[in-house]
Amino acid sequence: MLESSINSSLVQPHFVVDGQGVNDEISSMPGIFQQSVDVLIETISKDVESGINNHMLFPVIHSSLKDPYASAAHVDDMPLQNAVRLLREKFGDSIVILTDVCLCTATDHGHCGVIHNEVIDNDRTIPVLSKIALSHAKAGADYVSASDMMDGRILAIREVLESEGYVKTGILAYSVKYASSFYGPFRDAACSAPSFGDRGSHQMDIRSGYPEAILEAVTDEGEGADIIMIKPALTYLDVVRQVSDVVSRPVAVFNVSGEYSMVLSATPDEESRKKMVREIFHSFKRAGADVIVSYHTREAVSKNWL
Ligand code: PBG
Ligand code: ZN
């Protein structure tokens with residue numbers, strides 16, 4: 001019982017690039033690749049055969065297409081949108097597709113918002129996030145996943161989706177997202193490192209306590225989020241417990257890139273990796289996570305580790 005329920009809560013992340021036949025392993029994340037749409041479809045087909053049904057797609061956008069406003073992120077025939085459309089055609093409703101909604105992979109400065117007077121401008125960012133979410137919904141995403149941390153974006157995205165008729169598209173809110181040192185490898189993978197400054201203005205202070213985390217989660221729930229995410233996972237299991245005790249929606253954790261790399265560098269062989277990953281995944285469950293986004297998903301499910 002426990003085994004099957006933990007497998008069905010796992011989500012595999014993917015990085016989608018332009019081109020044909022591209023399958024580039026990310027050097028700081030062994031086992032994780034940037035893939036063009038054709039390779040991605042094959043990869044996900046194999047994943048589905050091995051029992052992985054939940055897939056989260058991140059766009060990797062060529063630097064020549066980046067601008068200050070992340071315009072490329074909401075163009076309907078970009079690789080990510082094309083991938084979603086093809087996956088939907090091929091798999092129908094038998095898989096769950098989640099897409100990452102943020103600006104940082106498409107801005108030339110690498111920040112998660114529009115910059116105005118040298119700061120990230122919350123209210124100028126919201127309309128862009130809404131356009132990105134709509135573009136992903138049109139392509140056929142099941143859940144648009146807002147990873148930006150702007151205030152009020154869940155309500156704005158909900159309103160755009162409703163008014164355009166995408167009433168079934170869910171919203172996963174990165175509600176409790178810390179300004180963490182565990183995101184380094186991801187920024188290589190998504191080519192999204194900020195060119196100056198950091199994400200301290202909109203991500204949460206790592207020293208902040210439970211009231212702030214709970215406020216963020218409850219606010220997003222009230223604005224219409226369908227899934228409440230906490231990120232990173234391992235260093236915030238106490239927060240996962242606190243939040244899952246108060247919200248009525250499913251709670252997700254993101255077992256982030258730095259956590260993945262840490263496990264790989266701490267384990268000399270597959271057997272030790274298996275043991276460590278099992279222990280980590282069960283700690284997520286115990287803390288109250290219903291959904292686990294992890295780069296270990298493919299290996300854990302295909303090798304029946306759990
Ligand atoms: C950016 C985003 C980040 C991650 C997911 N979306 C990084 C960041 O905030 O800089 C991190 C995921 C990971 O480290 O695996 N919107
Ligand atoms: Zn971002």
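How many residues surround ligand 1, and which are the closest? In this predicted model, 15 residues surround ligand 1, and the closest are Arg 187, Arg 199, Lys 231, Ser 257 and Tyr 295.

**View 1. The shell of residues around ligand 1.** Ligand 1 sits in the largest cavity, and the residues of the shell around the ligand divide into eight nonpolar, three polar and four charged. Among the closest of the surrounding residues are Arg 187 and Tyr 295.

**View 2. Polar side-chain atoms beside oxygen atoms of ligand 1.** For Ser 257, an N or O atom in the side chain is 2.7 Å from an oxygen atom of ligand 1, while a polar side-chain atom of Arg 199 lies 2.8 Å from an oxygen atom of the ligand. A polar side-chain atom of Lys 177 lies 3.0 Å from an oxygen atom of ligand 1. On its own, ligand 1 has 400 Å² of accessible area, of which the protein covers 100%.

**View 3. The cis peptide bond between Lys 231 and Pro 232.** Lys 231, listed among the residues closest to ligand 1, is joined to Pro 232 by a cis peptide bond whose omega is about -5 degrees. Pro 232 has its place in the loop between strand E10 (227-231) and helix H8 (237-246).

**View 4. The hairpin that joins strands E2 and E3.** Strand E2 (residues 23-26) and strand E3 (residues 29-36) run antiparallel and are joined by four bridges, with a hairpin connecting E2 to E3 through two residues. Across this pair of strands, Glu 25 stands opposite Phe 33 in E3.

**View 5. Asn 117, a residue other than glycine with a positive phi.** The phi value of Asn 117 is near 50 degrees, and this residue is found in the loop between strand E6 (115-116) and strand E7 (119-120).

How values were computed:
Residues are numbered from 1 along each chain as its sequence is written. Chains are lettered from A and ligands numbered from 1 in the order in which they are written. This is a predicted model: local features need pLDDT of at least 70, side-chain atom pairs count only at pLDDT 80 or more; totals for chains, interfaces and linings use all residues. Side-chain values use heavy atoms; hydrogens and water are left out. A residue is near a molecule or strand if one of its heavy atoms lies within 4 Å of it. A polar contact is a pair of N or O atoms within 3.5 Å; within protein, one must be able to donate a hydrogen and the other to accept it, and residues adjacent in sequence count only if both atoms are side-chain atoms. Accessible areas come from the Shrake-Rupley method with a 1.4 Å probe; for residues, only the protein chains shown count as cover. On a 1 Å grid over the protein atoms alone, a cavity is a set of points where a 1.4 Å probe fits but cannot get out, and a pocket is an open set with protein on both sides within 12 Å along at least five of seven lines; lining residues have an atom within 4 Å of a point. A molecule sits in a cavity or pocket if more than half of its atoms lie within 2 Å of its grid points. Ala, Val, Leu, Ile, Met, Phe, Trp, Tyr, Cys and Pro count as nonpolar, Asp, Glu, Lys and Arg as charged, and the others, Gly among them, as polar. Two strands pair if DSSP finds at least two bridges between them.
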